[in-house]
Amino acid sequence: MAPHGTLPHATWGMSTYCLCVLDCHLRGLPLPPVPEGIPDFSCRIFVSYHNHSKHNTLRGCIGCVTSSPLCGLLQEYAVRAAQDSRFPSISLHELPALTCEVNVLSPNEPIDHCYDWESGVHGLVLEFTAPDSDASYSAEYLPCVAAETGWGKEYIVESLIQKAGYDGPITPELLQSLKCWRYKSTVVSSTYQDYLQVYAPPLPDPDEPPATACPATAAAAIDMAPTSAPPMATCPHPTPGGGPTIGEAA
């Protein structure tokens, strides 16, 4: 974990590295090692991609449910976010139009009431059991959601309940039964052009013959043997178009 009492910070190198991982993955090349400057503390992250040539449309966003070492998470979720099942998978030809965003989350802090959080400062995680069954539900929103949508706390909570997949009535009793956690996050983003400035020499144009070696000459030689991936969750953003998404965990 990050040092006690401190908030893990996202850094520019994380988002440029994710774009390098995605580039190599789409070309069928070995994935690059993690640069030495990226610390390997344990945390949760979300990786997302937006297409800035299409009004900054969300193209994928996947995050982990439990904390794990950061370096492995970046490599894993750089690829998973490009394969978000809600969208067509990202292609190599789309890569130059992408912006990658990495959210690094602080540890969850339990709260006594579902409205005990500050809009634009805290992310929110909800868990609950349906009152008429034993079905369990959970969902979350990043801190940026309230600011981006302009939704109030009451609507955020109702939207999260629906995002979790629950379609029953939202009663005062249900709201009282919610288990809630809040957290903070730091966020950083990089464009494809930012990535090319860091990882030299740049890979050839997607229309040219495929390369045979990874471009990550700036990265340190760190052993990144595959590890078992932690549970993942879909993006804690609203679905494009305004409606809530359905959260899921693998």
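A search of the whole structure finds 7 salt bridges, each a side-chain nitrogen of Lys or Arg within 4 Å of a carboxyl oxygen of Asp or Glu. The model is predicted: local features need pLDDT of at least 70, side-chain atom pairs count only at pLDDT 80 or more, and totals for chains, interfaces and linings use all residues. Residues are numbered from 1 along each chain as its sequence is written, and side-chain values use heavy atoms, without hydrogens and water.

**Salt-bridge network**
- Arg 182 and Glu 109 pair at 3.1 Å, N to O.
- Arg 182 lies in strand E8 (residues 179-183) and Glu 109 in strand E5 (residues 109-111), 73 residues apart.
- Asp 116 also bridges to Arg 182, with the closest N and O atoms 3.5 Å apart.
- Shared partners join Glu 109, Asp 116 and Arg 182 into one network.
- Arg 182 is buried at 17% relative accessible area (buried is under 20%, exposed over 50%, partly exposed in between; 1.4 Å probe, protein chains only).
- Glu 109 is partly exposed at 38%, and Asp 116 is partly exposed at 36%.

**A separate pair**
- Arg 86 bridges to Asp 84, with the closest N and O atoms 2.7 Å apart.
- Asp 84 is buried at 1% relative accessibility, whereas Arg 86 is partly exposed at 27%.

**Helix packing**
- Helices H1 (residues 12-26) and H2 (residues 70-80) pack at about 50°, axes 8 Å apart (axes are lines fitted to C-alpha atoms over the stretch in contact; angles run from 0 to 180 degrees between N-to-C directions).
- Residues meeting across the pair (heavy atoms within 4.5 Å) include Tyr 17 and Leu 22 in H1, and Leu 74 and Val 79 in H2.

Notes
Helices (H or I, at least four residues) and strands (E, at least two) are DSSP runs, numbered from the N terminus.
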